[in-house]
Amino acid sequence: MNLLPDELLGMLFLHPLKLPAGARLWMFLPLAMCIAAVYRGTRARTARELPRATVLTFIHIVIGMILIALAAYALHALVLWWS
Amino acid sequence: MKQPQATTGQVVQAGILAWILPGAGHYWLGHRGLAAVFFVAVSLPFWGGIAIGGVKTSVNPFVNKWLFLAEMGSGGYTSLCYVLNHYVGEVGPRELAVLLAGKKTVDSYPDHRRVQIEKELTGMVAYYPESDVAQIYLAVGGLLNLLVILDAIARAQTGGLPVFHHEVSAAGSEQTGGPT
């Protein structure tokens with residue numbers, strides 16, 4: 001696929017990309033990694049401290065989000081069961 | 001590191017640089033590694049959001065002013081996208097917002113213009129679910145850069161200490177049993 005620079009720019013910035021079905025959930029992971037990197041970066045004296053701390057924070061965020069999702073699902077199921 | 005304590009002008013400069021380009025404030029202060037991390041960690045969600053949502057609706061204060069405000073945390077990127085939004089395509093940001101809100105329909109335009117507008121509404125406007133993902137990515141990109149700006153300012157003021165250095169020092173003193 002040979003794209004001209006203006007076509008490439010148009011594709012990237014003007015025409016929205018279509019996400020594959022089911023991709024929405026996985027889009028959370030890179031976002032969580034970026035949040036973990038910036039959060040840890042604002043607490044580190046040097047970049048050398050970052051990799052381990054970032055991965056740990058990333059894991060904490062993912063586990064936290066899974067627990068929140070499970071709690072929300074349980075609440076939803078409970079409400080359906082009661083009604 | 002540039003110098004132990006920066007003047008007010010240098011502190012402001014570090015903040016403005018970070019606002020224009022994520023990580024630029026840290027690079028200017030001499031924290032090259034952190035600058036690279038911040039640049040990638042802010043640029044990735046921002047440009048990812050733009051690719052998923054396109055500039056027409058994602059960087060448009062008339063469509064969603066709160067999203068635009070959050071995006072302005074990455075001021076350089078957002079300004080660039082807003083200028084692109086203005087100059088590309090047949091429909092301007094304000095007119096697009098009016099059309100999307102349903103206050104005006106494409107039928108009210110003359111035929112030749114209606115075709116162009118319909119083409120733009122189908123080709124350049126993001127709809128659910130892509131628009132949701134784009135909004136989240138862009139808002140996070142902009143708000144993360146606010147943290148980066150604060151950190152650049154704090155490092156300029158303190159000669160290299162991170163923005164949350166009090167918190168880090170307190171945690172360190174708890175572990176060692178005394179002040180650090």
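Which residue just after helix 3 of chain B takes a positive phi? Select Gly54(B): its phi is about 75°.

Before going on, know that this is a predicted model, where local features need pLDDT of at least 70, side-chain atom pairs count only at pLDDT 80 or more, and totals for chains, interfaces and linings use all residues. Residues are numbered from 1 along each chain as its sequence is written, while chains are lettered from A and ligands numbered from 1 in the order in which they are written.

Now select residues 32-53 of chain B, which make up helix 3 (helices are DSSP runs of H or I, at least four residues, numbered from the N terminus). Its 22 residues should span 32 Å at 1.5 Å a residue, and the end C-alpha atoms are 31 Å apart, which agrees. The expected span is 1.5 Å times one less than the number of residues.

Click on Ser43(B) next: a kink of about 25° lies here, shortly before Pro45(B). That bend is the angle between axes fitted to the seven residues ending there and the seven starting there.

Then show both chains. The contact takes 33 residues from chain B and 24 from chain A (C-beta atoms, placed from the backbone, within 7 Å). On the chain B side, helix 3 gives the most, with 12 residues.

Terms used
Helices (H or I, at least four residues) and strands (E, at least two) are DSSP runs, numbered from the N terminus. Two residues are in contact if their C-beta atoms, placed from the backbone, lie within 7 Å.
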